[in-house]
Amino acid sequence: MSQTQTMKAVVYQEPFKVSIEERPVPELEHPDDALIKITTAAICGSDLHMYQGRTAAQGGLCFGHENMGIVIETGTGVSLLQKGDRVVMPFNVADGRCRNCEEGKTAFCTGVNPGFAGGAYGYVAMGPYQGGQAQFIRVPYADFNCLPLPAGTEHESDFIMLADIFPTGWHGVEISGFQPGESIAVFGAGPVGLMAAYSAVLRGASQVYVVDCVRERLAAAEKIGCVAVDFSKVDAVPFIVEKNGGMVDRSVDAVGYQASAVDGKKEAPSIVLENCIMVTRPTGGIGVPGLYVPSDPGAPDSNSGSGKLLISFGKLFEKGLTIGTGQCNVKTYNRYLRDMIISGRAKPSFVVSHEIGIDEAPGAYVKFDKREDGYTKVLIHPNGPVA
Ligand SMILES: NC(=O)c1ccc[n+]([C@@H]2O[C@H](COP(=O)([O-])OP(=O)(O)OC[C@H]3O[C@@H](n4cnc5c(N)ncnc54)[C@H](O)[C@@H]3O)[C@@H](O)[C@H]2O)c1
Ligand SMILES: [Zn+2]
């Protein structure tokens, strides 16, 4: 390591407050580790659950699970990476050797977070891994957890989407059971919903409906050829069924447990799952990348406080619907989506609304949380602008 002994990091303090702290630069802790100088880290809707105090996250946690940068040091056990390599890391931390990793289910690695299936950087309950909204990050099992990128700075804002939201959107479509030619409704036009809609377009959907109430986000969905549905103006399910000439083949919940009720003010934790059950044709499928939690300190009622949601399970059964859930196994997709970016077939950076230095991060959290000023996807460049 160079003389730099401390670095800047975005650190959670208490609900609705993150600040910039000086922290020690991480060091290699194991021969399989690599140290990465972060060029770009993104703020995710998943960070907002912690930011709003809607998880068990404690003050002192450095956020950031969407990270890319340059390798500056490798342990003696790292054989595939070299100093100077440009890499992007899946948000999942995985060991590459447990049963779930062997089966490609890297979001459920049992070797990186004792007592739990799954690890991530900078996330509550996901293990001791510091986040990358900082100048440097330590990456464990670095050969497995770093995806190499072409040298240089080209496609920086596309490649950062490979850490989470592009694979996650793609995964949401995948676990709905989608096939080319089918119609699909995506609930949520945040970054994950927009990536799910974009994936459905790339994969040959006949119709893609995108439901939200944020004007800029719906406009982004229209730009990529989707039908925008503003749930604050129309009742989404009957609107889609009518427009589609019947129920859709597939639906995706890219909202999760903090879904808004129709008035946009109250929360209704099961409303999107319920909409998916109603809008999807018998024997169709539902993909749920949107996050649900087993315990929510700020839930509107005691059942949802312990992750118990009221849904029409009888209707789901009657329709013979399938439902796929869970965190995305980013490694299943990231290599192929990278190659689609390189070849020019995919350009997921269309969701990026703001690029900032690390000192501006606390203010960006405030705006992103309120979905003000078109804040959709914020990229932080902790070591200065990327040329
Ligand atoms: N499964 C995974 O691996 C994974 C990875 C990343 C993010 N996530 C989760 O995906 C979800 C979306 O992430 P994001 O970054 O896009 O978040 P976001 O908060 O930016 O977007 C959510 C969007 O849903 C909209 N919304 C709220 N209520 C709605 C309703 N009733 N109907 C339709 N739209 C509604 C909001 O207006 C908002 O635009 C979050 O829960 C996040 O935690 C999961
Ligand atoms: Zn994320």
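Six strands form an open sheet in the order β12-β11-β10-β13-β14-β15, with parallel pairing. From one strand to the next, the twist averages 20°. The model is predicted. Ligand 1 lies between domain 1 and domain 2, because both give residues to its shell.

**Sheet**
- β12 (227–230) and β15 (322–325) stand at the edges. Each has a single partner strand, so one side of each is left without a neighbour in the sheet.
- Four bridges join β11 and β12 in the parallel sense.
- V210 stands opposite A228 in β12.

**Shell around ligand 1**
- The shell holds 29 residues, of which S46, D212, R217, P289 and R371 come nearest.
- By class, 15 are nonpolar, ten polar and four charged.
- α1 (45–51), α6 (191–202), β11 (207–212) and α9 (271–279) each supply at least two shell residues.
- α1 gives the largest share, three residues.
- The two contributing domains span 6–164 + 329–381 (domain 1) and 166–325 (domain 2).

**Backbone contacts and burial**
- A nitrogen atom of ligand 1 lies 2.8 Å from a backbone N or O atom of P289.
- A polar backbone atom of C328 is 2.9 Å from an oxygen atom of the ligand 1 molecule.
- For G45, a polar backbone atom is 3.0 Å from an oxygen atom of ligand 1.
- Ligand 1 taken alone exposes 870 Å², and the protein buries 96% of that.

Notes
Residues are numbered from 1 along each chain as its sequence is written. Chains are lettered from A and ligands numbered from 1 in the order in which they are written. This is a predicted model: local features need pLDDT of at least 70, side-chain atom pairs count only at pLDDT 80 or more; totals for chains, interfaces and linings use all residues. Side-chain values use heavy atoms; hydrogens and water are left out. A residue is near a molecule or strand if one of its heavy atoms lies within 4 Å of it. A polar contact is a pair of N or O atoms within 3.5 Å; within protein, one must be able to donate a hydrogen and the other to accept it, and residues adjacent in sequence count only if both atoms are side-chain atoms. Accessible areas come from the Shrake-Rupley method with a 1.4 Å probe; for residues, only the protein chains shown count as cover. Ala, Val, Leu, Ile, Met, Phe, Trp, Tyr, Cys and Pro count as nonpolar, Asp, Glu, Lys and Arg as charged, and the others, Gly among them, as polar. Domain bounds come from an automatic or database domain assignment. Two strands pair if DSSP finds at least two bridges between them. Axes are lines fitted to C-alpha atoms, for helices over the stretch in contact, and angles run from 0 to 180 degrees between N-to-C directions.
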